[in-house]
Amino acid sequence: MSDVSILEETDRTTGRDALRKNIQAAVALAGAVRSTLGPKGLDKLLVDDEGRSMVTNDGITVLESAKVEHPIAHMLIAASATQDQTVRDGTTTTVLLAAEWLQNAWHLVAQGVHPATIARGYRMAEVYCKDHLDSLTFEATTEDIRSAAMTSLAGKLHQKMQSTIAGCAVEAAEAILMESNGTVVADPTRVKVITRSGPSLEQSKLITGLALPKKRAHVEMPSSLGAGSILLVDGGLELRSLSSDVQLSVTSTSVLQSFREAEEQRLLEQVNMLVDLGVTLLACREGIDDSMHSHLANAGIKAFRRVAKSDLELLARGCGARLVPSIHQAKEADVGVFISSRCERWGDVDHWILETDEGGATFVATGSTETVVGEVERCFADALGVACRLKENPKLIAGGGATYIALARRLRRYAETVPGREQLAIEAFADGLETIPRVLAENAGMDPIDTLLQLVSLQSKSDDDSMGLNVLTRQPEDMRVSKVVEPARVVEQALSGASEATIAVLRIDDVLWAKQEIGVPDDVQASLDGTAPDRR
Ligand code: ADP
Ligand code: MG
């Protein structure tokens with residue numbers, strides 16, 4: 001089942017052979033990320049078409065850069081990508097679970113159980129797990145949220161760095177916390193990330209407020225401002241371009257001069273409008289004419305030009321301002337407020353730092369090379385995702401495989417109560433859950449079978465569902481005490497995503513099997529080749 005060449009499988013296959021090959025593809029894919037799971041997981045060196053290299057331990061990064069052609073492998077990668085988008089963690093876990101459930105399904109098929117029965121049993125098991133996950137969760141304190149952010153960084157960078165990034169992520173999540181319709185919302189897109197290669201990894205830090213790598217338009221403008229009003233313009237404060245905007249018929253040499261003066265007058269009016277609106281800070285997506293610098297400076301206005309639209313939108317959310325197409329169209333209601341604005345020079349780049357009522361934070365990711373900075377950036381995004389989810393819904397579960405073992409134990413008891421062949425599928429699902437502690441042990445160089453048996457017996461003897469494997473001490477421990485905890489949402493999403501993908505694969509074969517006696521219809525064959533729309 002571990003033939004990696006199956007990833008390039010393009011032959012058409014039918015019937016039972018198709019299921020076997022589909023499962024081989026899933027297992028081969030899981031094999032590519034298996035060794036990265038957990039803190040003792042190893043790194044992968046990825047090299048793209050253009051020779052750019054990246055060292056990472058992140059499951060989804062590995063999967064997305066792999067040149068995988070098999071449609072089944074694509075389905076698993078899609079499940080993992082959804083996991084990444086929704087909860088930002090548990091991507092390797094999702095692929096490992098799906099591959100293990102598929103492999104277990106194959107054993108049942110070999111014993112004569114129909115894939116549709118297995119799919120039904122798996123669905124029952126998934127529903128049961130989700131219903132019982134609540135009994136394994138506990139309320140997170142701020143310290144727990146930090147521990148969970150640390151757990152999400154397991155195996156990435158070094159431990160001191162994990163702690164720094166986890167701390168920054170929790171602080172950032174707190175800075176962007178908002179109430180909306182009575183619910184707490186922490187939107188990670190409100191945190192700005194700036195990357196700087198050169199300074200050491202350890203200089204990565206979180207800054208209160210929004211920082212942009214921008215220099216004020218002119219040195220005479222104030223470098224620091226106290227609380228004031230800000231206008232954000234999705235345009236500029238520039239002379240109209242002669243070539244495109246206006247047609248002039250020049251009859252004397254003074255025409256151009258007077259045209260320019262009229263244009264300057266037009267810009268000056270806009271500066272006066274800013275003064276009337278009480279604006280002390282101006283940010284434009286386009287340019288600001290040099291002739292206006294001194295006028296703005298004299299009016300005490302600090303201005304920034306060529307600010308990216310995405311940054312203007314971020315500023316608008318932080319200041320409660322509305323982006324206007326031009327200064328002419330600005331009204332009082334469009335103006336936002338800020339607490340302070342200052343300029344700082346980091347290395348040889350000027351930065352503008354704006355603090356607002358709505359919080360907002362900036363993470364500065366540093367590292368000696370772009371590769372390191374990229375990994376710091378990804379780690380921060382993961383930790384921030386976890387911290388934000390937990391701020392919104394502070395439910396945690398024990399990591400280190402503890403929760404998967406606890407769910408498997410419950411499932412086996414549940415299976416006994418199911419009379420049909422689905423019972424076998426529920427047991428196979430339970431076995432599949434145990435792949436997580438087994439792989440964690442394997443990656444730590446421990447015997448997976450002995451470790452699993454020891455953990456199961458410990459959980460059962462002590463009736464403690466938090467007993468898991470701490471791979472750092474290589475001992476079975478109460479994971480809540482060891483602070484290896486994860487958001488319940490990560491496990492819940494991994495269970496849904498992986499079982500969804502597993503069942504989809506089983507169902508593809510189900511269609512083939514139903515038709516195998518009379519040959520495979522063209523459209524089914526096409527769906528296997530990935531050229532037809534999904535038939536579900
Ligand atoms: P994923 O992409 O699935 O998030 P990771 O490589 O991040 O994969 O590993 C996550 C797994 O590692 C989780 O099951 C988590 O509980 C486990 N883990 C993290 N820290 C420890 C630890 N100290 N001991 C054992 N397991 C750990
Ligand atoms: Mg993880």
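**Exercise 1: Two residues in loops**

Arginine 306 is found in the loop between strand E11 (302-304) and H10. The model examined here and in the later exercises is predicted.

Task. Determine whether arginine 306 is buried, partly exposed or exposed, and carry out the corresponding analysis for asparagine 181.

Solution. 
Step 1. The relative accessibility of arginine 306 is 48%. A residue is buried under 20% and exposed over 50%, and partly exposed in between. Arginine 306 therefore counts as partly exposed.
Step 2. The backbone of arginine 306 has a positive phi of about 50 degrees, although the residue is not a glycine.
Step 3. Asparagine 181 is located in the loop that lies between strand E4 (177-180) and strand E5 (183-186). With a relative accessible area of 80%, asparagine 181 is exposed.
Step 4. The phi of asparagine 181 is also positive, near 50 degrees, in a residue other than glycine.

**Exercise 2: A residue in a helix**

Task. Decide whether aspartate 84 is buried or exposed, and state which residues it contacts beyond its neighbours within four places in sequence.

Solution. 
Step 1. Aspartate 84 belongs to helix H3, which covers residues 71-87.
Step 2. Its relative accessibility is 15%. Since the cut-off for a buried residue is under 20%, aspartate 84 counts as buried.
Step 3. When neighbours within four places in sequence are left aside, aspartate 84 is in contact with Ile60 and Thr91.

**Exercise 3: The chain as a whole**

Task. State how many helices and strands the protein chain has, and what percentage of its residues count as buried.

Solution. 
Step 1. The chain contains 17 helices and 19 strands.
Step 2. It has 536 residues, of which 52% count as buried.
Step 3. Among contacts with a separation of 6 or more, 73% are between residues 24 or more positions apart.

**Exercise 4: A sheet and a hairpin**

Task. Give the order of the strands in the open sheet that includes E15, and identify the strands that stand at its edges. Then describe the pairing of E17 with E18.

Solution. 
Step 1. As a general principle, the strands of a sheet pair through backbone hydrogen bonds, in either a parallel or an antiparallel manner.
Step 2. The open sheet consists of three strands in the order E6-E15-E7, and its pairing is mixed.
Step 3. Strand E6 (191-197) and strand E7 (205-208) each have a single partner strand, so they stand at the edges and one side of each lacks a neighbour in the sheet.
Step 4. On average, neighbouring strands of this sheet are turned by 25 degrees against each other, direction ignored.
Step 5. E7 and strand E15 (residues 361-367) run antiparallel and are joined by four bridges. Lysine 205, for example, has valine 364 in E15 as its bridge partner.
Step 6. E17 and strand E18 (residues 475-478) likewise run antiparallel, with four bridges between them. In E18, aspartate 478 is the bridge partner of methionine 467, and glutamate 477 is that of glycine 468.
Step 7. E17 and E18 form a hairpin with four residues between them, and arginine 474 in the turn has a positive phi of about 60 degrees.

**Exercise 5: The largest pocket and the largest cavity**

Task. State the volume of the largest pocket and of the largest cavity, and describe the residues that line each of them.

Solution. 
Step 1. The volume of the largest pocket is about 800 Å³. Its lining comprises 43 residues, of which Gly38, Pro39, Thr151, Ser152 and Ala154 are the closest to the centre.
Step 2. The elements that give two or more residues to this lining include helix H4 (91-110), helix H6 (142-152) and strand E17 (467-470). The largest share, six residues, comes from H6.
Step 3. By class, the lining of the largest pocket has 14 nonpolar, 19 polar and ten charged residues.
Step 4. The structure holds one cavity of 30 Å³ or more. The volume of the largest cavity is about 30 Å³.
Step 5. The largest cavity is lined by Arg190, Leu210, Leu314, Arg317, Gly318 and Gly360. Helix H10 (residues 309-319) supplies the largest share of this lining, three residues.
Step 6. The lining of the largest cavity divides into two nonpolar, two polar and two charged residues.

Note on methods: Residues are numbered from 1 along each chain as its sequence is written. Chains are lettered from A and ligands numbered from 1 in the order in which they are written. This is a predicted model: local features need pLDDT of at least 70, side-chain atom pairs count only at pLDDT 80 or more; totals for chains, interfaces and linings use all residues. Side-chain values use heavy atoms; hydrogens and water are left out. On a 1 Å grid over the protein atoms alone, a cavity is a set of points where a 1.4 Å probe fits but cannot get out, and a pocket is an open set with protein on both sides within 12 Å along at least five of seven lines; lining residues have an atom within 4 Å of a point. Grid points are joined across faces, edges and corners, and a volume is the space filled by probe spheres set on the points. Ala, Val, Leu, Ile, Met, Phe, Trp, Tyr, Cys and Pro count as nonpolar, Asp, Glu, Lys and Arg as charged, and the others, Gly among them, as polar. Buried means under 20% relative accessible area, exposed over 50%, partly exposed in between (1.4 Å probe, protein chains only). Contact means heavy atoms within 4.5 Å. Two strands pair if DSSP finds at least two bridges between them. Axes are lines fitted to C-alpha atoms, for helices over the stretch in contact, and angles run from 0 to 180 degrees between N-to-C directions.
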